[in-house]
Amino acid sequence: MIFNNLKNIRIDNDIKQKDIAEILNVSQNTYSQYETGIIALTAEVLIKLSDYYNVSIDYLLDRTDNPKINQ
């Protein structure tokens, strides 16, 4: 499963895969495989990405088009 929102938010913020991979402490190849769904995203990675981009996990997983976090 390809995660379009995950890829698009990275591109919209002008961040390279290499840079977000460093933040997550993974290789660029691993991060690329997260975006394409080859490797499953862990809860830890989803939380880090959600916090970094300030968006909901559901948005990162393409379960909604609304990036806002519901409180």
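Predicted model: local features only at pLDDT ≥ 70, side-chain atom pairs only at ≥ 80, totals over all residues.
Colleague: Start with H1 and H3. At what angle do they pack?
Modeller: About 125 degrees, with the axes 7 Å apart. H1 covers residues 4-12 and H3 covers residues 28-36. Helices here are DSSP runs (H or I, at least four residues), strands are E runs of at least two, and both are numbered from the N terminus. Axes are lines fitted to C-alpha atoms, for helices over the stretch in contact, and angles run from 0 to 180 degrees between N-to-C directions.

Colleague: What do we call that arrangement of H1 and H3?
Modeller: Oblique. Angles under 35 degrees count as roughly parallel, over 145 as roughly antiparallel, 65 to 115 as roughly perpendicular, and the rest as oblique.

Colleague: Which residues make the contact?
Modeller: H1 brings Leu6, Lys7 and Arg10, and H3 brings Tyr31, Tyr34 and Glu35. Contact means heavy atoms within 4.5 Å. By class, there are three nonpolar, no polar and three charged residues. Ala, Val, Leu, Ile, Met, Phe, Trp, Tyr, Cys and Pro count as nonpolar; Asp, Glu, Lys and Arg count as charged; the others, Gly among them, count as polar.

Colleague: Arginine 10, then. Is it buried or exposed?
Modeller: Arginine 10 counts as buried, at 8% relative accessibility. Buried means under 20% relative accessible area, exposed over 50%, and partly exposed in between (1.4 Å probe, protein chains only).

Colleague: What is arginine 10 in contact with?
Modeller: Leaving aside neighbours within four places in sequence, arginine 10 contacts Ile15, Lys16, Gln17, Ile20, Tyr31, Glu35 and Tyr53.

Colleague: Which residues of H1 are buried?
Modeller: Asn5, Leu6, Ile9 and Arg10. They sit on the same side of H1, because they cover an arc of only 135 degrees around the axis. The arc is that of the directions from the helix axis to the C-beta atoms. H2, H3, H4 and H5 are among what covers these buried residues.

Colleague: Why do residues three or four places apart point the same way?
Modeller: An α-helix has 3.6 residues a turn, so residues three or four places apart point the same way.

Colleague: And which residues are buried in H3?
Modeller: Tyr31, Tyr34 and Glu35 are buried there. Their arc is only 95 degrees, which puts them on the same side of H3. The buried residues of H3 pack against H1, helix H2 (17-24) and helix H4 (43-53).

Colleague: Switch to H2. How does H2 sit against H3?
Modeller: The two are roughly perpendicular to each other. Their angle is about 100 degrees, and their axes are 8 Å apart. H2 uses Gln17, Lys18, Ile20, Ala21 and Leu24; H3 uses Gln28, Tyr31, Ser32 and Glu35. That contact has four nonpolar, three polar and two charged residues.

Colleague: Where does lysine 18 fall on the accessibility scale?
Modeller: Lysine 18 is partly exposed, at 47% relative accessibility. Its C-alpha atom is separated by 8.0 Å from that of tyrosine 31, 13 residues apart along the chain.

Colleague: New topic: the largest nonpolar core. How many residues are in it?
Modeller: The core has 17 residues. Leu6, Ile20, Tyr31, Leu41, Leu49, Tyr53 and Leu60 touch the most other members. A nonpolar core is a set of buried Ala, Val, Leu, Ile, Met, Phe, Trp, Tyr and Cys residues joined through side-chain atoms within 4.5 Å.

Colleague: Which helix supplies the largest share?
Modeller: H4 does, with four residues. H1, H2, H3, H4 and helix H5 (57-60) each supply at least two.

Colleague: What does leucine 49 touch?
Modeller: Leu6, Ile20, Leu24, Tyr31, Leu41, Asn54 and Leu60, not counting residues up to four places away in sequence.

Colleague: Last one, the loops. Where does aspartate 14 lie?
Modeller: Aspartate 14 lies in the loop between H1 and H2. Its phi is near 55 degrees, a positive value in a residue other than glycine. Aspartate 14 is exposed, with a relative accessible area of 71%.

Colleague: And where is asparagine 54?
Modeller: Asparagine 54 is in the loop between H4 and H5. Phi there is near 60 degrees, also positive. Asparagine 54 counts as exposed, at 59% relative accessibility.

Terms used: Residues numbered from 1 in each chain as written. Heavy atoms only, no water.
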